[in-house]
Amino acid sequence: MKKYLLHYSTNYYDPVYEYKDVRVPLTMLKRVPRDRLMTEEEWRRLGIKLEHGWEHYMIYCREPHILLFRRKKTEGDEKNDV
């Protein structure tokens, strides 16, 4: 399998969720569905490595190469809400 360079954002927070964005190369976009959210198995097959509990929660049509992930905050997560 060809290696792709993925870029992971720093985590950001609101009162309920922790968020992270993953930027995939434009050459990889044909493997990303545009009409539905991906399952964990699908995004892991793309080579995305996140801890357990993350979900692909939204498609940003203007920048489909940026995949948006979130997971419920747990005690001990950052308290800085954005």
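Glu-18 counts as buried, at 2% relative accessibility. Here buried means under 20% relative accessible area, exposed means over 50%, and partly exposed lies in between (1.4 Å probe, protein chains only). Glu-18 sits in strand E3, which covers residues 17-23. The side chain of Glu-18 makes a polar contact of 2.4 Å with the side chain of Asn-11. A polar contact is a pair of N or O atoms within 3.5 Å; within protein, one must be able to donate a hydrogen and the other to accept it, and residues adjacent in sequence count only if both atoms are side-chain atoms.

The model is predicted: local features need pLDDT of at least 70, side-chain atom pairs count only at pLDDT 80 or more, and totals for chains, interfaces and linings use all residues. Residues are numbered from 1 along each chain as its sequence is written, and side-chain values use heavy atoms, with hydrogens and water left out.

The protein chain has one helix and five strands. Along the sequence, their order is β-β-β-α-β-β. Helices (H or I, at least four residues) and strands (E, at least two) are DSSP runs, numbered from the N terminus. Of the 82 residues in the protein chain, 38% are buried. The accessible surface of the chain is about 5,900 Å², and carbon and sulfur atoms hold 53% of that surface. Such areas come from the Shrake-Rupley method with a 1.4 Å probe; for residues, only the protein chains shown count as cover. Contact means heavy atoms within 4.5 Å. Among contacts between residues at least 6 apart in sequence, 49% join residues at least 24 apart.

The loop between E3 and helix H1 (40-45) contains Pro-25. Pro-25 counts as partly exposed because its relative accessibility is 21%. The C-alpha atoms of Pro-25 and His-65 are 6.7 Å apart, although 40 residues separate the two along the chain. Asp-35 also belongs to the loop between E3 and H1. With a relative accessible area of 69%, Asp-35 is exposed. Its C-alpha atom is separated by 9.7 Å from that of Cys-61, 26 residues apart along the chain.

Leu-50 lies in the loop between H1 and E4. At a relative accessible area of 9%, Leu-50 is buried. Not counting residues up to four places away in sequence, Leu-50 touches Tyr-8, Lys-20, Trp-43, Arg-44 and Phe-69. The C-alpha atoms of Leu-50 and Val-22 are separated by 9.8 Å, with the two residues 28 apart along the chain.

His-56 is part of strand E4. His-56 is buried, at 5% relative accessibility. The side chain of His-56 reaches the backbone nitrogen of Met-38 at 2.9 Å. Beyond four places in sequence, His-56 touches residues including Met-38, Trp-43, Leu-67 and Phe-69.

A cavity is a set of points, on a 1 Å grid over the protein atoms alone, where a 1.4 Å probe fits but cannot get out; lining residues have an atom within 4 Å of a point. The structure holds one cavity of 30 Å³ or more. The volume of the largest cavity is about 60 Å³. Grid points are joined across faces, edges and corners, and a volume is the space filled by probe spheres set on the points.

Note on methods. 1 Å grid on protein atoms, 1.4 Å probe; cavity = no way out; pocket = protein on both sides within 12 Å on 5 of 7 lines; lining within 4 Å.
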